Amino acid sequence: MALFKLFSDTHYTFEGKKEGEEVLLFLRQHWFVLLNKMTLVLVGALLPFLVFVMFGEVLVQYELVMGYVLLWAIFYMMLWYILFYHLTMYILDTWIVTNYRIVDSKQIGFFSREVAELNLLNIQDVSFHMKGAVATMMNYGDLDVQSAGADKKFLFLAIPNPQAVKDRIMEIAMQAKRQSGGHSPLGGIQQGGISVGPTSQSTPPTINQ
Amino acid sequence: MQPDAINSFISLIFVFAMLVYWTGAFLIFYHLIRFGVGAGPKKLSAVFLGGSLVFTLIAMLLFGQIIS
């Protein structure tokens, strides 16, 4: 039975999660980005049908139908694999905002994985940009998080609803600063009345796509 | 080349292709289970495993029929 616990709600645990750390935002790229990569696979799935329609008579005439069906099955196995390869890369490319930090995980092929993190107290500036008609219509864009004292920006690529995410990250960062008792790294913005995400729910709030 | 030798050669290629596929399948399964955050990736890995088993079974049955 312990095996099936894998499939139950894990409260968004991740490698290196600290004690008392709560996931406030969990982000992936917009689904449209995935769809772009999937299009070729979906179109490819139609190929055996087309070939059969075009050369079906020849295959029957030379009794090659069984061999063709075998090739069809192997071709679908390949497509199945490619489909899940892209899905895996998409799913493992995440941005997690917790009550302590931002964790950026990126899987680049099977044998290369990058994980970077940024303390909420070091957030200096958050900005986003949407580029292109599709991104504007589908409401996705890139979000830059500039940290104090670091050259490298934290870049959230093609995330859904970047405006809401930006506001949320600002709120979370201000809340973290307020709790730490120091001066605000966000340029002295008024912090009154801001409520930072629920702390008791099991799933982090989602940003509508 | 004798027909038996040809059959053996084709069978060998088929087995090799399956080994390559299942090595790759293991990598996908492993990454989704180990690095996936939340229950979603685990469920997805189960779907992938189920589909891979079905496709392998179909391919093996068809190959068996052709080779025999």
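Is A:Asn161 buried or exposed, and at what relative accessibility? Here are some friendly notes to read beside this predicted model.

1. Let's take that question now. A:Asn161 counts as buried because its relative accessibility is 17%, and the cut-off for buried is under 20%. You will find A:Asn161 in the loop between β7 (154-160) and α5 (162-180) of chain A. Its phi is near 50°, a positive value in a residue other than glycine.

2. Now turn to A:Asn139, in the loop between α4 (133-138) and β6 (140-147) of chain A. Phi is positive here too, near 60°, and again the residue is not glycine. With 26% relative accessibility, A:Asn139 counts as partly exposed.

3. Next, look at where the chains meet. Contact involves 32 residues of chain A and 33 residues of chain B. About 2800 Å² is buried between chain A and chain B, and carbon and sulfur atoms give 82% of that area. Helix α3 (residues 65-91) of chain A supplies the largest share of chain A's side, 15 residues. Sorted by class, that side has 22 nonpolar, six polar and four charged residues.

4. What about polar links across this interface? The rule finds zero salt bridges between chain A and chain B, while five residue pairs are in polar contact.

5. Finally, follow helix α1 (residues 3-35) of chain B. This helix has 33 residues and reaches 48 Å from first C-alpha to last, close to the 48 Å expected. Its buried residues include B:Phe14, B:Met18, B:Tyr21 and B:Ile28. Among the elements covering the buried residues of α1(B) are α3 of chain A and α2 (40-67) of chain B.

Key. Residues are numbered from 1 along each chain as its sequence is written. Chains are lettered from A and ligands numbered from 1 in the order in which they are written. This is a predicted model: local features need pLDDT of at least 70, side-chain atom pairs count only at pLDDT 80 or more; totals for chains, interfaces and linings use all residues. Side-chain values use heavy atoms; hydrogens and water are left out. Contact means heavy atoms within 4.5 Å. Buried area is the accessible area (1.4 Å probe) that two parts lose on being put together, summed over both. A salt bridge is a side-chain nitrogen of Lys or Arg within 4 Å of a carboxyl oxygen of Asp or Glu. A polar contact is a pair of N or O atoms within 3.5 Å; within protein, one must be able to donate a hydrogen and the other to accept it, and residues adjacent in sequence count only if both atoms are side-chain atoms. Helices (H or I, at least four residues) and strands (E, at least two) are DSSP runs, numbered from the N terminus. Ala, Val, Leu, Ile, Met, Phe, Trp, Tyr, Cys and Pro count as nonpolar, Asp, Glu, Lys and Arg as charged, and the others, Gly among them, as polar. The expected span of a helix is 1.5 Å times one less than its number of residues. Buried means under 20% relative accessible area, exposed over 50%, partly exposed in between (1.4 Å probe, protein chains only).
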